[in-house]
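Reader: I would like to go through the labels attached to this model and hear the grounds for each. Please set the values against the cut-offs.

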Amino acid sequence: MDHDGLGPISAETFEGFRAYLLAVAGRRLGPELTAKVGASDLVQETLLAAGRDARAFRGAGLDDLQAWLKGILLHRLANAQRQYHDTAKRSLGREVPLAALREDGPHRPALADTATSACGAAMRDELRETIAHALAALPDRHREVVLGRYRDGLGFEAIGERLGISPDAARKLWGRAVLRLRAAIGPAHDPD
């Protein structure tokens with residue numbers, strides 16, 4: 001396309017403005033928006049739009065072309081700001097940096113989904129019922145050592161005291177009880 005003294009606008013001509021447009025975009029993008037939209041993305045979109053709409057360019061020289069490209073870039077930047085600043089759903093003010101989501105950070109509970117699906121609840125109930133039946137089928141001492149360890153959170157010394165055996169014997173009894181419990185529950189519910 002011929003533009004007075006400029007001649008046809010080629011892709012190379014547009015590419016010659018990439019560094020300038022990147023500098024403009026880098027200055028205009030705030031830190032919040034940079035997390036969502038990169039300067040290079042805006043420049044790429046600008047150059048694609050300019051190539052597509054080159055017939056709309058009415059300038060006479062490179063200075064006019066630069067101003068026209070800058071206008072396209074600023075228009076795209078304004079659209080990005082509207083999209084991310086002015087929309088409550090995507091509001092940058094509501095966002096929290098990943099570094100703030102540490103294990104002990106104040107925003108951590110907001111990240112975790114605490115809701116249990118209907119399927120998850122049914123599976124949990126089925127597992128609970130399976131474990132209850134398997135525990136009921138264990139010999140008394142095996143059931144006592146498993147409940148002492150898991151339900152009551154006791155160490156082998158306390159379990160041994162409760163059962164009148166040594167801590168080492170309590171640990172061995174617990175090991176045998178867990179093996180029997182796993183066998184009774186079945187491989188479908190084995191965590192390993």
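Reader: Why is Asp125 called partly exposed?
Author: In this predicted model, Asp125 has a relative accessible area of 39%. Buried requires under 20% and exposed over 50%, so Asp125, at 39%, is partly exposed.

Reader: What makes Arg128 exposed rather than partly exposed?
Author: Its relative accessible area is 53%. The cut-off for exposed is over 50%, so Arg128 is exposed.

Reader: How do you know that Asp125 and Arg128 meet in a salt bridge?
Author: Their side chains come to 3.6 Å, N to O. A salt bridge needs a side-chain nitrogen of Lys or Arg within 4 Å of a carboxyl oxygen of Asp or Glu, so the pair qualifies. Both residues lie in helix α7 (residues 118-137), three residues apart, about one turn of the helix.

Reader: Why is the contact of Asp152 with Arg162 called a salt bridge?
Author: The closest N and O atoms of Asp152 and Arg162 are 2.9 Å apart; the limit is 4 Å, so the label applies. Asp152 lies in the loop between α8 (140-151) and α9 (156-163), and Arg162 in helix α9, so the pair ties together parts ten residues apart in sequence. Asp152 is partly exposed at 32% relative accessibility, and Arg162 is partly exposed at 49%.

Reader: What separates Lys172 and Asp168 along helix α10?
Author: They are four residues apart in α10 (residues 167-185), about one helical turn. Lys172 forms a salt bridge with Asp168, with the closest N and O atoms 3.4 Å apart. Lys172 is partly exposed, with a relative accessible area of 44%, and Asp168 is partly exposed at 39%.

Reader: Which residues do salt bridges with shared partners join into one network?
Author: Arg124, Asp125 and Arg128. The structure holds ten salt bridges.

Reader: Which residues touch the most other members of the largest nonpolar core?
Author: Phe14, Leu21, Leu65, Trp68, Leu69 and Leu73, out of 25 residues in that core. Helices α2 (18-28), α4 (39-52) and α5 (62-85) each supply at least two of its residues; the largest share, eight residues, comes from α5. A second, separate core of 13 residues includes Leu135, Val146, Phe156 and Leu173.

Reader: Why is His142 called buried?
Author: His142 has a relative accessible area of 10%. Buried means under 20%, so the label holds. His142 is found in helix α8. Leaving aside neighbours within four places in sequence, His142 is in contact with Leu173, Arg176, Ala177 and Arg180.

Reader: Why is the pair of Tyr150 and Trp174 called tilted?
Author: The ring centres are 6.4 Å apart and the planes stand at 45°. Rings pair if their centres lie within 6.5 Å; planes under 30 degrees apart are stacked, and over 60 edge-to-face. Tyr150 is in helix α8 and Trp174 in helix α10, 24 residues apart. Tyr150 is exposed at 52% relative accessibility, and Trp174 is partly exposed at 23%.

Reader: Which residues form one aromatic cluster?
Author: Tyr150, Phe156 and Trp174. Arg149 lies over the face of Phe156, at 4.2 Å from the ring centre. Arg149 also lies over the face of Trp174, at 5.8 Å from the ring centre.

Methods: Residues are numbered from 1 along each chain as its sequence is written. This is a predicted model: local features need pLDDT of at least 70, side-chain atom pairs count only at pLDDT 80 or more; totals for chains, interfaces and linings use all residues. Side-chain values use heavy atoms; hydrogens and water are left out. Buried means under 20% relative accessible area, exposed over 50%, partly exposed in between (1.4 Å probe, protein chains only). A nonpolar core is a set of buried Ala, Val, Leu, Ile, Met, Phe, Trp, Tyr and Cys residues joined through side-chain atoms within 4.5 Å. Contact means heavy atoms within 4.5 Å. Rings of Phe, Tyr and Trp (its six-membered ring) pair if their centres lie within 6.5 Å; planes under 30 degrees apart count as stacked, over 60 as edge-to-face and the rest as tilted. A charge sits over a ring if NZ of Lys or CZ of Arg is within 6 Å of the ring centre and within 35 degrees of the ring normal.
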